[in-house]
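Here is a briefing for a first look at this protein. Keep the sequence and the 3D view open while you read.

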Amino acid sequence: MVALDSVKHAALCKMVDYLFEDPETRFPKAMEMVDKAAPRNLFPSQREAFRNAIDEKNNWYQLLMKIAHLNPDVRNRLVKSFLIDSNLMVWGEQEKNRDKYQCNIPWAILLDPTSACNLHCTGCWAAEYGHKLNLSYDDIDSIIEQGKALGTHVFIYTGGEPLVRKHDLIKLCEAHPDCAFLCFTNATLIDEAFCQDMIRVANFVPAISAEGFEEATDARRGEGVFQKVSKAMALLREHGLPFGVSCCYTAQNASSIASEEYFDWLIDQGALFAWIFSFMPVGHGSTPDLIPNAAQREHLYNFVREMRQTKPLFTLDFQDDGEFVGGCIAGGRRYLHINAAGDVEPCVFAHYSNANIHDVSLLDALRSPIFMEYYYEQPFDGNYLRPCPILENSGMLAEMVTRSGAKSTDLQHEETAEELCSKTKAFSEEWAPVAKRLWNDPRDPMHGKRMTKTQGMAEADMRKFERLQKEGRTLHYNGGLRS
């Protein structure tokens, strides 16, 4: 870290300590302090939302107060790790490298420490993988070091069940205090000892897999799992520890997850965030039956936006929130995935690759053929409510896999990209007119922003479009040549 950055880092850390000494009184001064310490073009919309929350004392302010009242042994270090070390201090480095290497540079890296899992959930590809494969401690440490060299300081553990390797994961948190770690977990291995580890490292946050209430959860995950999840949440809440939930939105649990009753329950349990993923029929034997239909998808779209106006829960709907991030974020644009065998994949749902982290560097993987296909083709449609090359633009993944020569990385049964996309074709066709209607609705609060070229785009994205346009490539971004 250069001297000027060290001064800025120290100032921001001091600001966090100052604010949390008396959050109710001092939070109103927070944005004034941030504006002095950080460039105005750094996360401007997020800063404006933060400012409005404080001024209006709204549901987002309530969420800030929940964070303020976390375990004080964790809170300050956690905020510094996530907000300062992993975002404010490094976004500029990521942007610089996107221009320098002319490829995608991720904000976060998802990786599977192990293929092992103690559950066998319906519709989860990891259930097929068995317990054979692991990334070693040194493998993961190397991935983190390579990520940091590119400006990436957020690492998200998937699986398998990552907490099968919880001792190694905690050691990695200790080894990299300048990084933020999130863990998708079924929560059945969270115990008192793990809570004490979380308090000690302070930069590790669980995202507990939550499938709705008991009937919906146990139907997909197994009898008694809901009670184990509830017990884990209670233990984390009692210790004042941060956690959120990850929800797989399916045709079966749609009415349970997208309900105010369920969101209120999550808030009562102490959850700070909810990440919602629409079901993808990935893997051998997985059928499209669990894909939410267009009506259920539209309900989720409206429901999440309503909840954001009223509930103290940070909610992301990864399919319908494409408009806030310029469409698809996979292929390293904002994240990538490395499986337990070391295969570097563009997405947790796209198990195809030209590169293995044991054979090539992370940067080389980001410049491999399948990743460059994502780089050239993103966004896949000018309507960012159709972000995905699998689910909403069925067949586009198959085209990219063919052009790149990427191979299936499924750890158990190979599935061609054509086979995967064939399972999503019906939904893609059903959703297209609904997405068009929603996108062009002049009554939608986002309508004005949707008509601007820069909505959801970083400055490096816009410079990429300029380069590609000069090369004569067809562009699909809003304001460019639409598909």
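The points below go from the overall layout to single residues.

This is a predicted model, in which local features need pLDDT of at least 70, side-chain atom pairs count only at pLDDT 80 or more, and totals for chains, interfaces and linings use all residues. Residues are numbered from 1 along each chain as its sequence is written, and side-chain values use heavy atoms, with hydrogens and water left out. Helices (H or I, at least four residues) and strands (E, at least two) are DSSP runs, numbered from the N terminus.

**Domains**

- The protein is divided into domain 1 (1–71) and domain 2 (89–482); such bounds come from an automatic or database domain assignment.
- The centres of domain 1 and domain 2, taken over C-alpha atoms, are 27 Å apart.
- At the meeting of the two, 16 residues of domain 1 are in contact with 19 residues of domain 2; contact means heavy atoms within 4.5 Å.

**The sheet**

- Nine strands form an open sheet with mixed pairing, in the order β7-β6-β5-β4-β3-β2-β1-β8-β9.
- β7 and β9 (344–345) are the edge strands, each pairing on one side only.
- Two strands pair if DSSP finds at least two bridges between them.
- Strands of a sheet pair through backbone hydrogen bonds, either parallel or antiparallel.
- β8 (residues 335–338) and β9 run antiparallel and are joined by two bridges. There, H337 has E345 of β9 as its bridge partner.

- Six of the six residues of β6 (residues 273–278) are buried, so the strand is largely enclosed by the rest of the structure.
- Buried means under 20% relative accessible area, exposed over 50%, and partly exposed in between (1.4 Å probe, protein chains only).
- In a regular strand the side chains alternate between the two faces of the sheet.
- Both faces of β6 are covered: one carries F273, W275 and F277, the other A274, I276 and S278, all buried.
- β5 (residues 244–249) pairs with β6 in the parallel sense over five bridges. W275 in β6 is the bridge partner of S246.
- β7 (residues 314–317) pairs with β6 in the parallel sense over four bridges. W275 stands opposite L316 in β7.
- β6, helix α15 (residues 294–310) and β7 make a right-handed β-α-β unit. Right-handed means that, with the strands pointing away from the viewer, the path from the first strand over the helix to the second runs clockwise.

**Helix α12**

- α12 (residues 225–238) has 14 residues, which at 1.5 Å a residue should span 20 Å; its end C-alpha atoms are 20 Å apart, which agrees. The expected span is 1.5 Å times one less than the number of residues.
- Buried residues of α12 include V225, F226, V229 and L236.

**Nonpolar cores**

- A nonpolar core is a set of buried Ala, Val, Leu, Ile, Met, Phe, Trp, Tyr and Cys residues joined through side-chain atoms within 4.5 Å.
- The largest nonpolar core has 134 residues, of which Y157, I190, F204, I338, Y374 and L397 touch the most other members. Helix α12 gives the largest share of this core, seven residues.
- Another core, of 20 residues, lies apart from it, with C13, M15, L19 and I54 among them.
- Leaving aside neighbours within four places in sequence, F204 is in contact with residues including Y157, L163, F181 and M198.

- Most residues other than glycine have a negative phi, and most peptide bonds are trans.
- A187 is not a glycine, yet has a positive phi of about 75°. A187 is found in the loop between β3 (180–185) and α10 (192–201) and counts as buried at 1% relative accessibility.
- A202, also not a glycine, has a positive phi of about 70°. A202 is found in the loop between α10 and β4 (204–209).
- The peptide bond from G159 to G160 is cis, with omega near 10°. G160 is found in the loop between β2 (154–157) and α9 (166–175).
- Q378 and P379 are joined by a cis peptide bond, with omega about -10°. P379 lies in the loop between α17 (369–377) and α18 (396–404).
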